[in-house]
Amino acid sequence: MDLFELLYLDQLSHGLANLSMFPYFDMAHYVVSVMALREQPGALEVSRASPLACWFSSMLYCFGGAVLSGIMLAEPPVAPLSNGTGVLLASIIWYLIFYCPMDVVYCCAALLPLRLVLSGMKEVTRTWKVLGGVTQAHKKYKDSLLVMIAIGWARGAGGGLISNFEQLVRGVWKPETNELLKMSYPTKITLIGAVLFALQQTHYLPLQKHHLMLFYTIFIVVNKSRMMLTGSSSSPFATIESAIYKTLFTGHAYAALTNEVKKPCIDNGTSTTKTKESNEKVSSEQRKTFHPHEGQSRILKAKEESEDEETENSKKIN
């Protein structure tokens, strides 16, 4: 008997694959995304000063992945706005979170048990977005693994990848927060999912699609819940990332080779400098011990000795 049938994972994976995201999971995605925007520094001030800019930023948080993937596939970036029901639902949630009297909706959604459930439901939608992007790219570029990874990554983490543009809408310019410079956990886990689904789509990964969806969804939901309960923002792949980075991108091997080459050069330099210093010391000591009076007396003695030698020679000749 197959292991999946024994553990009832086959039925569970088929049920998850046939699960509809609308309306409950989409609502959870909109709630968590708009709450993340509200918790950005200065977002409340922008919502009071310019509700239109705040609404547009919220739509980028909610539909940023579809907008970015559409641009990459040369499709109209306003195509996600054609879904009137989704835009209306996201707009209602935006208004309730930002402008509800006494912040009742936001305070209720910010409670840890409810927020834990909403975040888990949002992670479920991440699987469908990554898979949808990979499938959409596979229809146009069947043999391009890189394009499928890029579109799946953009569809699943587009809100973070276009965060600089969203910040410009709110009048904020922080280029150092670019996701490519310092990836956050959602961006990293979405990239991993895009790679896995692209490999499965091109048959390089010997695993059925619904089984991969189940494993990936369970992993991201469990890990997200763990991070929220423990208050930790560290990635589970931190040790692997640091090992790969130190091995491939810090240049330790090159530094070791260059250090070995530089050591004899440094030794030769130090020896020559030492000899120079010793010669300078000797010359300085000689200069210190030399006096002009002593030099004159030595010259006079030499002249006297030479005159004595000449007189003695002349005597011998005579």
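Leaving aside its neighbours within four places in sequence, which residues is Gln167 in contact with?

Analyst: With those neighbours left aside, Gln167 is in contact with Val172, Lys174 and Thr177, where contact means heavy atoms within 4.5 Å. This is a predicted model, in which local features need pLDDT of at least 70 and side-chain atom pairs count only at pLDDT 80 or more, while totals for chains, interfaces and linings use all residues. Residues are numbered from 1 along each chain as its sequence is written, and side-chain values use heavy atoms, with hydrogens and water left out.

Gln167 itself belongs to helix 10, which covers residues 163-169; helices are DSSP runs of H or I with at least four residues, strands are runs of E with at least two, and both are numbered from the N terminus. Its relative accessible area is 10%, so Gln167 is buried (under 20% is buried, over 50% exposed and in between partly exposed, with a 1.4 Å probe and protein chains only). Gln40 is 127 residues away from Gln167 along the chain, yet their C-alpha atoms are separated by 9.8 Å.

The chain as a whole gives the setting. It has 15 helices and 0 strands, and 32% of its 318 residues count as buried. Among contacts between residues at least 6 apart in sequence, 73% join residues at least 24 apart.

Glu123 counts as buried because its relative accessibility is 3%. Apart from neighbours within four places in sequence, Glu123 is in contact with Ile220, Val221 and Lys224.

Helix 8 also packs against another helix. Its axis and that of helix 11 (residues 185-201) come within 9 Å and cross at roughly 45°; axes are lines fitted to C-alpha atoms, for helices over the stretch in contact, and angles run from 0 to 180 degrees between N-to-C directions. Helix 8 is therefore oblique to helix 11 (under 35 degrees is roughly parallel, over 145 roughly antiparallel, 65 to 115 roughly perpendicular and the rest oblique). On the helix 8 side, the residues making this contact include Arg126, Val130 and His138, and on the helix 11 side they include Pro186, Gly193 and Gln201. By class, this contact has 8 nonpolar, 6 polar and 1 charged residues (Ala, Val, Leu, Ile, Met, Phe, Trp, Tyr, Cys and Pro are nonpolar, Asp, Glu, Lys and Arg charged, and the others, Gly among them, polar).

A further pair is helix 5 (residues 51-72) and helix 6 (residues 84-99), whose axes come within 10 Å and cross at roughly 125°. At that angle, helix 5 and helix 6 are therefore oblique to each other. The contact involves, among others, Pro51, Trp55 and Phe63 of helix 5, and Gly86, Trp94 and Tyr99 of helix 6. The contact of helix 5 with helix 6 has 11 nonpolar, 3 polar and no charged residues.
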